Amino acid sequence: MQSLIERLSSVETRRFRGRVSAVNGLLIEASGPPQALRLGAHAVLDAAPGTEPAACEVVGFRGETALMMAYGDLAGVRPGAGARIVPEGVAIRPSRAWLGRVIDSFARPRDGLGALPDGPADYPLKGRPPCAHARQRLGERLDLGVRALNLFAPMRKGQRLGVFAGSGVGKSVLMGMLARGSGADVIVIGLIGERGREAREFVEDVLGADGRARSVVITETSDAPALARRRAAYVTMATAEYFRDQGLNVLCLMDSVTRFALAQREIGLAAGEPPTTRGYTPSVFAELPALLERAGPGPEGSGSITGLFTVLVDGDDHNEPIADAVRGILDGHIVMSRAIAERGRFPAIDVLKSISRTAPEVYAPEEAPLAIEARKLLAAYADMEELIRLGAYAHGTNPEVDRAIAVNAPLEALLAQTRDEASSIEESFALLAGVLVEQEG
């Protein structure tokens, strides 16, 4: 009862109004009560006849003038238009009924299955991660259903990994495999700036009926305004936090962090921030850890958010600014290689460049030697690959290279996996042991 009284007493009963003073490109300048116009406040602008009201957010200030950007089309916005201002923080109210649904950045249904019921509590879009020292430690090992990851980049519940890849090498398919084959209780998927054509295909074909049944999909396509694309990432994390607080182990898949950063760059440049490395504004590098740190183990008594965040590397440059920043925040990285994809092995995971920082802690005593030996053999083959393909390597020159050549084709076949195939941890290591023992014999 006391908490209800406190919530009621904190409800803002006043209504604030402002007025548009200018429209400059993507920016709307507005004036209004100083106590209402604060960074992050929302406003709905009065519409011209025949147009929809424009929802906006305050992204900066110039003197006492608020700088706003719109969540939709600016058609019909004019100087002098009135604005209804909502100063309090923006939140959503997730519920278990959202499972199996596709929603947008305003938690509106996009799957034609009817209205979404609200949950019992508000979850702020820009929530803060739990206190570092109040968090639980990482949980037990999580079965990802993908052999290459179970063998060479294992994850614990609450861990965060990045998936680094160029365009067209199979990131979305890998996400679908993880959603269907992982051992998580709930999957929350954020499709940030995805191609409009691929959004429905991902849900119906890649994710499939089984994966969709325990998933919530949040999507804003590439044609959406920058504010909507950024908001989709916040809604993804807030939804994952709700299920975590229900004591569930959540797998949060976000595709992609790069498009979130591009949206924040667009907002920052419009608000007057100075461009820095490759045009990215300082706020981009402040927002990345604020977003990614929300994933991880929850406080005592709650569940965890295991995060897999894709990074679309610019020009296949894995040292570009966003990839470099994300790699320093997360607990490991999975690298997908265009060269591997071009020779037809999917998922195109380069296991030699992929690493999980928790691998030494999760391997069973009999598993670690197998993974280490397989890595050594793959590395030995990679070092001599050019000579081998040219026919310049003479068999018998190096016993380790000879074994690497013998085992390479079976290992490549082991790492290949179809979209609808799932492989448990035990099955993955049994198959690896069979390959190594057979070739040794």
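Me: Looking at Gly298, what does it touch, leaving out residues up to four places away in sequence?
Reply: In this predicted model, Gly298 touches Arg135, Gln136, Arg244, Gly303 and Ser304.

Me: Where is Gly298, and is it buried or exposed?
Reply: Gly298 sits in the loop between strand E16 (296-297) and E17. Its relative accessible area is 0%, so Gly298 is buried.

Me: Back up a bit. What is the mean pLDDT of the protein chain?
Reply: The mean is 89, and 96% of the residues reach 70 or more.

Me: Which element has the lowest mean pLDDT?
Reply: Helix H1, residues 2-9, has the lowest, at 53. The highest among the elements belongs to helix H5, residues 226-245, at 96.

Me: How many helices and strands in the protein chain?
Reply: There are 13 helices and 19 strands.

Me: What does the radius of gyration say about the overall shape?
Reply: For 441 residues, a compact globule would have a radius of gyration near 22 Å; the protein chain has 25 Å, which agrees. Along the principal axes, the C-alpha atoms fill a box of roughly 85 × 50 × 40 Å.

Me: What share of the residues is buried?
Reply: Buried residues are 52% of the 441 in the protein chain. The accessible surface is about 19500 Å², and carbon and sulfur atoms account for 53% of that.

Me: Charges next. How far apart are the mean positions of the positive and negative ones?
Reply: They are 6 Å apart, for 49 positive and 56 negative charges.

Me: Changing topic to the backbone. Where are there cis peptide bonds?
Reply: One runs from Asp255 to Ser256, with omega near 5°. Another runs from Phe346 to Pro347, with omega near -5°. Most peptide bonds are trans.

Me: Which loops hold Ser256 and Pro347?
Reply: Ser256 is in the loop between strand E15 (249-255) and helix H6 (257-270). Pro347 is in the loop between helix H9 (338-342) and strand E19 (355-356).

Me: What about phi, which residues other than glycine have a positive value?
Reply: Ala107 is one of them, with a phi of about 60°. Arg278 is another, with phi near 50°. Most residues other than glycine have a negative phi.

Me: Where do Ala107 and Arg278 sit, and how accessible are they?
Reply: Ala107 is in the loop between strand E8 (101-103) and strand E9 (123-124). Its relative accessible area is 17%, under the 20% cut-off, so Ala107 is buried. Arg278 is in the loop between H6 and helix H7 (282-292), and at 45% relative accessibility Arg278 counts as partly exposed.

Me: Helix H3 next. Which of its residues are buried?
Reply: In H3, residues 171-181, the buried ones are Lys171, Leu174, Met175, Gly176, Met177, Leu178 and Ala179.

Me: What do the buried residues of H3 pack against?
Reply: Their partners are helix H2 (147-152), strand E12 (160-165), strand E13 (186-194), helix H4 (196-213), E15 and strand E17 (304-312).

Me: Now Pro49. Is it buried or exposed?
Reply: At 81% relative accessibility, Pro49 counts as exposed. Pro49 lies in the loop between E3 and strand E4 (54-62).

Me: How far is Pro49 from Glu361?
Reply: They are 64 Å apart, C-alpha to C-alpha, and 312 residues apart in sequence.

Me: Last one, Ala382. Which helix is it in?
Reply: Ala382 is in helix H11, residues 368-390, and is partly exposed at 39% relative accessibility. The C-alpha atoms of Ala382 and Asn408 are separated by 9.7 Å, and the two are 26 residues apart along the chain.

Technical notes: Residues numbered from 1 in each chain as written. Predicted model: local features only at pLDDT ≥ 70, side-chain atom pairs only at ≥ 80, totals over all residues. Heavy atoms only, no water. pLDDT = per-residue confidence, 0-100. Helix = DSSP H or I, 4+ residues; strand = E, 2+ residues; numbered from the N terminus. Rg over C-alpha atoms; globule rule 2.2 N^0.38 Å. Buried < 20%, exposed > 50% of the residue type's maximum accessible area, 1.4 Å probe, protein only. Areas by Shrake-Rupley, 256 points an atom, 1.4 Å probe, with all protein chains shown as cover. Lys, Arg positive; Asp, Glu negative; His and termini not counted. Charge placed at Lys NZ, Arg CZ, Asp CG, Glu CD. Contact = heavy atoms within 4.5 Å.
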